[in-house]
Amino acid sequence: MANIDNKCADLDIQDYHKDTKDTFGLLFDKQKELQSRLGFNFDGWTIKEIADFWMVNKHAMSDELNEMFDALGGINDGIGNAGWKYWKKDYVKYSHLKFSDLTERDQIECKFEIIDILHFFMNMAISIG
């Protein structure tokens, strides 16, 4: 199984912003602050600089998408990538299971992979304002 050492399910989840009306705007601003702390100042970037940045983020999103597919089968308590690899013996087990049948830990892992993809997508949007 791929990426079994890359787990997020043990993270402590707390909603510090449950009263925020513009949650996406808040996420976008937090991601922009993070990129600034990492040294990215997008002001005045050339098309080439943006394209290079996008290429890295596109690759990162693709990697996270692969991790998301593995997580869909349940990385911790399920059969991982056998959920989509038809040549694996456990593949048939998933023809009747629902996402809600996964353990809470595995559901959270899959959702975290989707969030990771969102972060890289936001990086691309932030780079062009």
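This briefing describes the helices, their packing, the nonpolar core and a few individual residues of one protein.

The model is predicted, and it shows a protein with three helices and zero strands, arranged along the sequence in the pattern α-α-α. Of its 129 residues, 31% count as buried.

**Packing of H2 and H3**

- Two packed helices are described by the angle between their axes and the distance between the axes.
- For helix H2, which covers residues 47–72, and helix H3, which covers residues 104–127, the packing angle is about 170° and the axes are 9 Å apart.
- Angles over 145 degrees count as roughly antiparallel, and H2 and H3 are therefore roughly antiparallel to each other.
- Sorted by class, the residues in the contact of H2 with H3 comprise 15 nonpolar, three polar and seven charged.

**Packing of H1 and H3**

- The axes of H1 and H3 come within 10 Å of each other and cross at roughly 75°, which makes H1 roughly perpendicular to H3.
- On the H1 side, the contact is made by Phe24, Leu27, Phe28, Gln31, Lys32 and Gln35, and these meet Leu118, His119, Met122, Asn123, Ala125 and Ile126 in H3.
- The residues of this contact between H1 and H3 divide into seven nonpolar, four polar and one charged.

**The largest nonpolar core**

- In soluble globular proteins, nonpolar side chains tend to be buried together.
- Here the largest nonpolar core has seven residues in all, namely Met61, Met68, Ala71, Ile75, Cys110, Ile117 and Met124.
- Both H2 and H3 contribute to this core, each of them supplying at least two of its residues.

**Trp45, in the loop between H1 and H2**

- Trp45 is placed in the loop that runs between helix H1 (23–37) and H2.
- Leaving aside residues up to four places away in sequence, Trp45 touches Phe40, Ile50 and Phe53.
- The side chain of Trp45 also reaches the backbone oxygen of Asn41, at 2.9 Å.

- Ile128 lies in the segment after H3 and is exposed, with a relative accessible area of 55%.
- When residues up to four places away in sequence are not counted, Ile128 touches Ile50 and Trp54.
- Gly44 is 84 residues from Ile128 in sequence, while the C-alpha to C-alpha distance between Gly44 and Ile128 is 9.8 Å.
- Ile47, which lies in helix H2, is 81 residues from Ile128 along the chain, and the C-alpha atoms of Ile47 and Ile128 are separated by 9.6 Å.
- Ile47 is itself exposed, with a relative accessible area of 70%.

Key:
Residues are numbered from 1 along each chain as its sequence is written. This is a predicted model: local features need pLDDT of at least 70, side-chain atom pairs count only at pLDDT 80 or more; totals for chains, interfaces and linings use all residues. Side-chain values use heavy atoms; hydrogens and water are left out. Axes are lines fitted to C-alpha atoms, for helices over the stretch in contact, and angles run from 0 to 180 degrees between N-to-C directions. Helices (H or I, at least four residues) and strands (E, at least two) are DSSP runs, numbered from the N terminus. Angles under 35 degrees count as roughly parallel, over 145 as roughly antiparallel, 65 to 115 as roughly perpendicular and the rest as oblique. Ala, Val, Leu, Ile, Met, Phe, Trp, Tyr, Cys and Pro count as nonpolar, Asp, Glu, Lys and Arg as charged, and the others, Gly among them, as polar. Contact means heavy atoms within 4.5 Å. A polar contact is a pair of N or O atoms within 3.5 Å; within protein, one must be able to donate a hydrogen and the other to accept it, and residues adjacent in sequence count only if both atoms are side-chain atoms. A nonpolar core is a set of buried Ala, Val, Leu, Ile, Met, Phe, Trp, Tyr and Cys residues joined through side-chain atoms within 4.5 Å. Buried means under 20% relative accessible area, exposed over 50%, partly exposed in between (1.4 Å probe, protein chains only).
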